[in-house]
Amino acid sequence: MTAAGRPQRDGLSIGAVLAQLRPDFPDVTISKIRFLESEGLVRPGRTASGYRQFSAADVERLRFVLAAQRDHYLPLKVIKEQLDAADRGLSDGQGPGGRLPRKLVPIPAAPGPGDGLPGPDDFAPGRDVRLTREDLLAEAGVDSPLLAELEQYGLIRPGAAGFYDPDAVLVARTVRAMTEYGIEPRHLRAFRASADREVGLLEQIVAPVSRQRDPDAKARADELARQLAALSVTLHTLLVKAGIRDVTGG
């Protein structure tokens, strides 16, 4: 018996699994693990009292899923298909069924760094890094007048406490590069307006999920937001590429 009077279990509790995963995946939460279970990506056993029992294989399966999302930008549907194929012994280079795939199967046209398109993990919550105005200017390599213009036209918005997040650095660097082609921040107001419209559209889909009254609602909403944001930006990128080809006759 444990100190709490519960029978000792052979498997790992969800808290123990979280402790094993956190060093490699700092953003993982118990809600995230439960969400992955509800999506069928991991299937822990249960004690007679209903407590989850995760095996070592379950933990490795979770590592595979989290790494596939973080490193390969694959949506859960694709990851599940590959895991299901591995369970049936159908993965390329596989031995007996039940083992994880040795490598992820490439997905044609899947968003990722190789084709310059964003993946869902680009929209995952990052670590809480707060930058001062001086930090932002130094990191982005811009001067105060340019930053003032970026704020004037809504391209960069400091938080309530006056700090900036790391994405503000990337925005400032991007606009700085565009100014070398004669594009000024005032020309980019349409980008801000378009982004706000897209966020409003996605919010209509995600908000009802986040308000559901169950422990996994936030994890589902976060995953849905990431997937939709990646698809939205991918569509935007592809449309711009097509438009440029029309302009250049390529």
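In helix α2, the residues S31, K32 and F35 meet A219, R220, E223 and R226 of α9, where contact means heavy atoms within 4.5 Å. By class, this contact of α2 with α9 divides into two nonpolar, one polar and four charged residues. Here Ala, Val, Leu, Ile, Met, Phe, Trp, Tyr, Cys and Pro count as nonpolar, Asp, Glu, Lys and Arg as charged, and the others, Gly among them, as polar.

A word on what you are looking at: this is a predicted model, in which local features need pLDDT of at least 70 and side-chain atom pairs count only at pLDDT 80 or more, while totals for chains, interfaces and linings use all residues. Residues are numbered from 1 along each chain as its sequence is written, and side-chain values use heavy atoms, with hydrogens and water left out.

## The overall picture

The protein has nine helices and two strands, and along the sequence they follow the pattern α-α-β-β-α-α-α-α-α-α-α. Helices (H or I, at least four residues) and strands (E, at least two) are DSSP runs, numbered from the N terminus. Of the 250 residues, 34% count as buried, that is, under 20% relative accessible area, with exposed being over 50% and partly exposed in between (1.4 Å probe, protein chains only). The accessible surface comes to about 15000 Å², and carbon and sulfur atoms hold 55% of that surface. Among contacts with a separation of 6 or more, 57% are between residues 24 or more positions apart.

## How the helices pack

| Pair | Axis distance | Angle |
|---|---|---|
| α8 (residues 189-210) and α9 (residues 217-248) | 9 Å | about 160° |
| α2 (residues 30-38) and α9 | within 9 Å | roughly 75° |
| α5 (residues 133-140) and α7 (residues 166-179) | within 9 Å | roughly 45° |

The axes are lines fitted to C-alpha atoms, for helices over the stretch in contact, and angles run from 0 to 180 degrees between N-to-C directions. Angles under 35 degrees count as roughly parallel, over 145 as roughly antiparallel, 65 to 115 as roughly perpendicular and the rest as oblique. α8 and α9 are therefore roughly antiparallel, whereas α2 and α9 are roughly perpendicular.

On the α8 side, the contact is made by E198, L202, I205, V206, V209 and S210, and the α9 residues include L224, L228 and H236. This contact of α8 with α9 has 10 nonpolar, three polar and two charged residues.

α5 and α7 also make a right-handed crossing. Their contact joins L136, E139 and A140 in α5 to A168, V169, A172, R173 and R176 in α7. By class, it has five nonpolar, no polar and three charged residues.

A172 sits in helix α7. Is A172 buried or exposed? With 0% relative accessibility, A172 counts as buried. Leaving aside neighbours within four places in sequence, A172 is in contact with A140, V142, L150 and I156. A172 and L146 are 26 residues apart in sequence, and 8.5 Å separates them in space, C-alpha to C-alpha.

A16 belongs to helix α1 (residues 14-21). At 26% relative accessibility, A16 counts as partly exposed.

Methods
Areas by Shrake-Rupley, 256 points an atom, 1.4 Å probe, with all protein chains shown as cover. Left-handed = near helix turned anticlockwise from the far one by under 90°.
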